[in-house]
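The sequence and model are shown first.

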Amino acid sequence: MVDNIYLIGFSGTGKTSIGMELALILEWVFIDMDCMIENSLGKSISDIFEDEGEDVFRNAESECLRDISEARHQVVSTGGGVPV
């Protein structure tokens with residue numbers, strides 16, 4: 001059995017929409033990494049890039065991914081930079 005499903009792709013390709021539907025079908029938890037990062041840092045992705053820089057965002061993204069990967073039965077909508 002698969003532990004987690006990670007959806008990757010460019011912005012606006014439907015990762016969140018498909019991820020929420022898939023999580024409902026599987027009865028798993030849906031996670032949107034960008035929302036988690038925004039909540040964690042208390043500002044929007046664009047503000048994080050503008051105020052803190054890309055390195056801070058990428059570090060937060062990596063930390064978020066590590067935290068998420070510790071649990072099972074999740075459908076995760078990743079940010080665009082995760083595959084890189």
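## The largest pocket

The largest pocket holds about 210 Å³ of space. A pocket here is an open set of points on a 1 Å grid over the protein atoms alone where a 1.4 Å probe fits, with protein on both sides within 12 Å along at least five of seven lines. Its volume is the space filled by probe spheres set on the points.

Its lining comprises 20 residues, and Ser11, Lys15, Asp34, Gly79 and Gly80 lie nearest the centre; lining residues have an atom within 4 Å of a point. By class, four are nonpolar, 11 polar and five charged, with Gly counted as polar. At least two lining residues come from each of helix H1 (15–26), helix H3 (45–51) and helix H4 (54–68). H4 gives the most, three residues. Helices are DSSP runs (H or I, at least four residues).

## Packing of H2 and H4

Helix H2 (residues 33–41) packs with H4 at an angle of about 115°, their axes 10 Å apart. H2 is therefore roughly perpendicular to H4 (65 to 115 degrees).

Met33, Asp34, Met36, Ile37 and Leu41 of H2 meet Phe57, Ala60, Glu61, Cys64, Leu65 and Ile68 of H4 (contact: heavy atoms within 4.5 Å). This contact has nine nonpolar, no polar and two charged residues.

## Basis of the values

The model is predicted: local features need pLDDT of at least 70, side-chain atom pairs pLDDT 80 or more, while totals for chains, interfaces and linings use all residues. Residues are numbered from 1 along each chain as its sequence is written, and side-chain values use heavy atoms, without hydrogens and water.

Methods
Axes fitted to C-alpha atoms, helices over the stretch in contact; angles between N-to-C directions. Parallel < 35°, antiparallel > 145°, perpendicular 65-115°, else oblique.
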